[in-house]
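Subject: Handover of a structure

Dear colleague,

Please find below the structure that I am passing on to you. My notes on what was found in it follow.

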Amino acid sequence: MYYTAAVTSAATYYADAMMLEEGTTPSTYFDGSKSSTAQKVYGWSGTPHASASTESSTDFAYVEPVQWQNILGPTSEIQISRKELDVGLLTATLHDALLDPAVANSVVKPGRRMRVMALAPVSDANQGITAGNWYSIYTGKITKGLSEYNPPKGVEVTISASDNVKSLAEQMESSSVANAADLAYTLEGKGVPWNINGSGNQISSASVVAYNANASMLDQISLTRDTTLAKAWVDRNGVLQFRTAWNPTPRINFYDDDPRIASDPAHYLSWSDAPTTYDTDDCINSVTVKWLRYNVGTNQTTEISYGPYEDSAAIAASNNTVYSKEFKICGSPSNEDSAWIKTNFADPVLAANATPVRKVRSLTYPVKQEEHMLSAIANDLYSNVYLRFKVTGTDTIASNHQITGLEHTITAKGWNVSYTFADTGSVAAPVFIPSPPFQGVGVAPGVWQNYTPSIVNMTGSVQRSRWMRVGNTITYQFRIYVTGGAGSTAAITVPVPVSNTYYAFENIFGEHIGEVTILNNSTGYISSGHAYTLGHSGMIIFRPRDNSIEWPGSSLIGAYVQGYVIYEAA
């Protein structure tokens, strides 16, 4: 029995355990005293020899979250088709009476998970692939099982499955966000893991800039993707990938003729079919924008049209043919400005798509040897591959291509893989996003001017901004964009309307800041003004609360600010 602390006569000690060791030489009596190994780490929870000893393992084997049954043996054909932000489909044909979905204990039931795995033939450190490990090329859930009974041949079962794009399309989500990182907030609880620019973390809040009760989660992903000019897809493992400025290094190369096809068949492959195209439909020389404007006062979202924004040189080069695309986007109210939209959205789209490039539209390659499986495992949607292809004579295409669609056809006779490509620098093609619920007569585009009072001492006494004219409508707003951060105070003064009433002040987060009574005094102004402390940086919305107000046609609203930027209606 060992006790290493100092013993005092005033204390009483009890032995509640005894260790008996075989052998004549005492060994380490606690785990904490042992030397750590590659498989075990030993330590103490507190003071050495006077606290609980600890042991942790570093060699835990991976345990699957569910049990899987391998049904490849009776399977005669597998078809997989996946595209960007489109439902990835799988169809498999198999011959086994025990897999008949009519059988009570059959694993072929709608809602069951399903995956197709491939064994890596070689290692590739750049892509995190280790030889001998299994990797998924499709992950989804069974949507349908169909059995056909033919007595001479037995039962033929056809399985249909879909990936997580279907799940995202079936779940409604009204909140629209303009920042990629904020998507994690709306994805919470949807049952689909995400990787947003390398992060799968959760967030507790987000900047919601609009609401659309008609939108699904997939629609909201598409909206944020188009707003940020990003790339989005569900990968082969069922994870939503969302990447801005995405242009990865290609690891697999396709050549029509090269000695490395024989010497390094894992990274250099040939193909059986590769049509080369120059497609004018790839051209976008005119951009129109539908901006989702949220009115915090009426709690309504309206689509506001901007554009068209055109590349006149590209239109002239296309024999004056206009190739237009419409994008639906959202953003901070302070950015709802035609000049801002042109500079930050339309111009980048035109620069990337105004001039089509000649490229290999698609290719198909056969998996003839096990090394060829590396491309099937490593390449996914939005992977880049390098292509070199002789068109005619010395005319050669040699460039990176980005995969936007892929197919696998696996039968007893062979395995063919097909890729569809887009130019690596192009913007993802816009997809249909439903409009918010109809809310009456459409709203004309707002022309907002960025006006900063030219006052040197903006932290001193209240300075007066330029006047702003208002119309005879309750929905008219002017905006004060506060750039000072949380706790900023804005003092606002308004003139006298026809009758006394209350006016509401709210920020863009929909939080009620306060009210002010407009007094019909001789000066026509609130003499002292009112100051309101904001909980956030952002927008103050000023609007009448009483819809019976009628402003005289010549009435003006004035705003006083201290050190803030005013966005005002022209």
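Which residue of β12 is the bridge partner of alanine 232? In β12 that partner is phenylalanine 242.

This is a predicted model, in which local features need pLDDT of at least 70 and side-chain atom pairs count only at pLDDT 80 or more, while totals for chains, interfaces and linings use all residues. Residues are numbered from 1 along each chain as its sequence is written, and side-chain values use heavy atoms, with hydrogens and water left out.

Helices (H or I, at least four residues) and strands (E, at least two) are DSSP runs, numbered from the N terminus. Two strands pair if DSSP finds at least two bridges between them. Strand β12 (residues 240-243) pairs with β11 in the antiparallel sense over four bridges. Both belong to an open sheet of three strands in the order β9-β12-β11, with mixed pairing. Its edge strands, β9 (194-196) and β11 (231-234), each pair on one side only.

Helix α3 (residues 217-228) packs on this sheet and touches β11 and β12, where contact means heavy atoms within 4.5 Å. The direction of α3 makes about 20 degrees with that of β12; axes are lines fitted to C-alpha atoms, for helices over the stretch in contact, and angles run from 0 to 180 degrees between N-to-C directions. Eleven of the twelve residues of α3 are buried, that is, under 20% relative accessible area with a 1.4 Å probe, protein chains only (exposed is over 50%, partly exposed in between). Just after α3, leucine 229 takes a positive phi of about 55 degrees.

The nonpolar cores

A nonpolar core is a set of buried Ala, Val, Leu, Ile, Met, Phe, Trp, Tyr and Cys residues joined through side-chain atoms within 4.5 Å. The largest one has 50 residues, and Leu90, Phe254 and Trp415 are among those that touch the most other members. Helix α7 (residues 373-378) gives the largest share of this core, five residues. Domain 1 (75-163) and domain 2 (252-277 + 367-421) both contribute residues, so this core lies between them; the domain bounds come from an automatic or database domain assignment. A second, separate core of 19 residues includes Trp194 and Leu218.

A further set of strands

Strand β5 (residues 113-119) runs antiparallel to strand β6 (residues 134-150), joined by seven bridges. Methionine 114 stands opposite glycine 140 in β6. A hairpin of three residues leads from β6 to β7.

Yours sincerely
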